[in-house]
Amino acid sequence: KNQLLANRVLCKRLRAELQQEQPDLLRLRGLAESLSDSNERLIARAEELYRTVKAKSVRLVPVELDRLKEITCRRFHEKYPEGRLDVRLDPGIQVLADENYLSEALYNLLTNAWEATVEAGRADHDAVELLSHQERLYTVLEVRDRGTGIPTSELKHIFEPFYSGKNSNYNWGMGLYHVRTIVRSHLGSLRVENRPGGGASFLILLPRYSGETRRKG
């Protein structure tokens, strides 16, 4: 909605300039370029939104955490080649998952965590962590950052669609909602906690798979 309102303002300025006896062509070109750029962003975000909410076919099969690590880290470093990750996933452990969608959820959490770390000015000495551990009936995948944490007032809302704490036309508040949707399709749950020393932890809880103790070789 904010971008549409901004486009309305640009259109009004274009019309006002065109009504001048001698329109300023340089100003008109600038306004037209701004409107075009805004429309392209709207189209790109609308396409991303469609991919997020359209029906998905999720196929759950045994997947080793090492495989998820490989796919997720590759995606992350394609976007942030200099991003620092500390990945410690239990070798040989398996979960029932669609490796494409679950790695997409982890990728989203990692990019959010890295951006929070950069925004907090800690990217030079702190890495984003991706860990795994076992909790009774669950295999837990945890993403930790050293950002500024999440305001208490936002904790209950961050997984809602279109909710974003970032004041930007590039953030429509669908990322964490998308992650939660993927996790739920894996019969799991998603939690968030602020860390005592600063930053946040996002935890994906997946039902433990009975074949998880199998080791390679």
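Colleague: Before we start, what does contact mean in this predicted model?

Modeller: Contact means heavy atoms within 4.5 Å. With that cut-off, helix 6 (residues 175-185) lies across strand 6 and strand 7 (200-207), and helix 6 runs at about 135° to strand 6.

Colleague: Which strands make up the open sheet, and in what order?

Modeller: Five strands do, in the order 2-4-5-7-6, and their pairing is mixed. Strand 2 (85-88) and strand 6 (189-194) each have a single partner strand, so they stand at the edges, with one side of each left without a neighbour in the sheet. On average, neighbouring strands here are turned by 20° against each other, direction ignored.

Colleague: How do you know that strand 2 and strand 4 pair?

Modeller: Pairing needs at least two bridges, and strand 2 and strand 4 (residues 128-135) have four, in the parallel sense. Therefore they count as paired. One example is V87, whose bridge partner in strand 4 is L130. Helix 3 (residues 65-79) packs on the sheet as well, touching strand 2, strand 4 and strand 5 (138-144).

Colleague: What makes a set of residues a nonpolar core?

Modeller: The residues must be buried, of nonpolar types such as Leu, Ile and Phe, and joined through side-chain atoms within 4.5 Å. The largest such core has 36 residues, and L141, F202 and I204 have the most contacts inside it. Helix 4 (99-119) is among the contributing elements and gives the most, with nine residues. I204 touches residues including L106, L109 and L141. A second, separate core of five residues includes L10 and L14.

Note on methods
Residues numbered from 1 in each chain as written. Predicted model: local features only at pLDDT ≥ 70, side-chain atom pairs only at ≥ 80, totals over all residues. Heavy atoms only, no water. Helix = DSSP H or I, 4+ residues; strand = E, 2+ residues; numbered from the N terminus. Axes fitted to C-alpha atoms, helices over the stretch in contact; angles between N-to-C directions. Buried < 20%, exposed > 50% of the residue type's maximum accessible area, 1.4 Å probe, protein only. Lists of a residue's contacts leave out its neighbours within four places in sequence.
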